[in-house]
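Take a look at the protein shown below. This report starts with the whole chain and then turns to a few single residues.

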Amino acid sequence: MTASRVLVLNSGSSSVKYQLLDMADRSRLAVGLVERIGEETSRLTHEPLTGPGAAGGRRERTGPIADHEAALKAVAAELAADGMGLDSPELAAVGHRVVHGGTRFNRPTVIDDEVLAEIRSLIPLAPLHNPANVTGIEVARSLRGDLPQVAVFDTAFHSTMPEHVARYAIDAATADKYSVRRYGFHGTSHSYVSRATAALLGRPVEDVNVIVLHLGNGASASAVRGGVCVETSMGLTPLEGLVMGTRSGDLDPAVIFHLARVGGLSIDEIDSLLNKKSGLLGLCGDNDMREVTRRAEEGDASARLALDAYVHRLKKYIGAYTAVLGRVDAVTFTAGVGENAAGVRAAAVAGLEELGLALDLEANAVRSSGPRLVSAEYARVAVAVVPTDEELEIATQAYALVTE
């Protein structure tokens with residue numbers, strides 16, 4: 001029996017998302033989520049998508065789950081109940097989403113003690129994410145130490161940015177000492193979507209230049225030339241770039257000095273302000289694009305301001321990345337807002353006819369779960385909607401590594 005299954009784990013500070021995939025046909029076998037880990041009201045939701053358990057549909061149980069070890073053991077028990085446990089000989093690897101790989105990790109990597117120590121050393125660059133990623137890896141290794149554990153890094157796809165793009169124009173010695181440079185995030189999504197866009201166009205990925213707009217609560221743009229990232233909007237952290245649900249995006253750095261000196265805010269207070277209380281939420285009190293759009297359409301001035309700021313930043317990046325790439329074959333929208341908010345897509349493209357962009361408004365208004373073109377037939381640049389699939393990308397990269 002050929003081992004072709006990959007368990008994908010995305011360990012957060014109080015949650016574990018997981019999917020079991022069979023790479024023989026790229027199918028999903030089971031999906032699930034453990035949330036509120038460490039609380040009395042912990043919840044595990046598990047859905048088998050194939051086999052005998054699938055007939056029963058989604059299962060849910062609540063009750064205290066003390067820590068990540070207990071969470072992963074509970075996940076293993078649910079999978080075992082469906083005949084797909086961690087002891088299955090069909091399991092080839094566990095793929096772990098790791099947010100920050102620094103400059104060391106620019107490709108998927110089999111995890112050993114040295115690699116784990118290096119991931120741990122990167123915690124200062126991603127203090128909210130890497131600690132939980134490390135915990136998930138440690139627990140999975142304790143449960144199946146004989147099984148290849150593969151780290152797939154959010155930053156890796158962007159490691160191909162030229163040095164003059166990745167560097168900030170600050171003192172080089174200081175930047176090197178503290179690892180200050182542009183890393184970029186959402187890399188697994190940008191990687192998957194840029195390839196899927198080429199496939200949608202029926203062209204080799206090497207021949208396609210695409211601007212990818214990953215628009216969720218967190219949002220980022222990338223310029224991808226022939227499958228290689230040459231620029232992305234997020235930087236040292238996920239704060240830079242587009243207007244997001246709760247993050248400010250691009251900001252004059254002196255705002256921080258002003259808030260500290262004049263406003264008396266502490267560094268932690270400013271950090272919280274820019275990451276958790278800004279973006280759409282800061283401008284209008286809502287970070288759900290559906291609600292922001294509804295309010296704007298009903299004449300709410302603050303919601304209209306938030307929506308206009310969001311769209312303006314998108315237009316700026318589309319224009320800037322058109323200049324970076326020189327030739328653009330497609331602009332692709334993905335993630336929750338990108339895939340579902342037809343109005344945001346229409347507003348972002350409106351007025352960019354001179355750049356070769358134009359929508360087919362009827363096609364754009366149609367909801368679909370599949371990849372599709374929504375550009376007008378006469379448009380020089382395709383506009384695409386491609387649902388992202390970060391779990392499949394992680395599984396694909398992990399499986400390719402362990403079967404080389």
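How many helices and strands make up the secondary structure of the protein? There are 15 helices and 14 strands. The radius of gyration is 22 Å, close to the 22 Å that the globule rule gives for 404 residues, so the protein is as compact as a globular protein of that length. Keep in mind that this is a predicted model.

**The whole protein**

Along the principal axes, the C-alpha atoms fill a box of roughly 55 × 55 × 45 Å. Of the 404 residues, 51% count as buried. The protein exposes about 18,000 Å². Carbon and sulfur atoms supply 53% of that area.

Contacts reach across the sequence. Take the contacts with a separation of 6 or more: residues 24 or more positions apart account for 62% of them.

Charge comes next. The protein has 39 positive side chains and 51 negative ones. The centres of the two sets lie 2 Å apart.

Glu35 lies in strand 3, which covers residues 27-35. Is Glu35 buried or exposed? Its relative accessible area is 18%, and buried means under 20%, so Glu35 counts as buried. Its side chain has a partner: a polar contact of 2.7 Å joins it to the side chain of Arg43. Beyond residues up to four places away in sequence, Glu35 touches Ser14, Ser15, Ser42 and Arg43.

Leu79 sits in helix 1, residues 68-81. Its relative accessibility is 1%, so Leu79 counts as buried. Leaving aside neighbours within four places in sequence, its contacts are Leu7, Leu20, Ala30, His46, Met84 and Gly85.

Most residues other than glycine have a negative phi. Arg36 has a positive value, near 55°, and is not a glycine. Ser179 is not a glycine either, and its phi is positive at about 55°.

Where do they sit? Arg36 is in the loop between strand 3 and strand 4 (43-48). Ser179 is in the loop between helix 5 (172-177) and helix 6 (187-201).

| Residue | Relative accessible area | Class |
|---|---|---|
| Glu35 | 18% | buried |
| Leu79 | 1% | buried |
| Arg36 | 31% | partly exposed |
| Ser179 | 34% | partly exposed |

Key: Residues numbered from 1 in each chain as written. Predicted model: local features only at pLDDT ≥ 70, side-chain atom pairs only at ≥ 80, totals over all residues. Heavy atoms only, no water. Helix = DSSP H or I, 4+ residues; strand = E, 2+ residues; numbered from the N terminus. Rg over C-alpha atoms; globule rule 2.2 N^0.38 Å. Buried < 20%, exposed > 50% of the residue type's maximum accessible area, 1.4 Å probe, protein only. Contact = heavy atoms within 4.5 Å. Areas by Shrake-Rupley, 256 points an atom, 1.4 Å probe, with all protein chains shown as cover. Lys, Arg positive; Asp, Glu negative; His and termini not counted. Charge placed at Lys NZ, Arg CZ, Asp CG, Glu CD. Polar contact = N/O pair within 3.5 Å; in protein donor to acceptor, adjacent residues only side chain to side chain.
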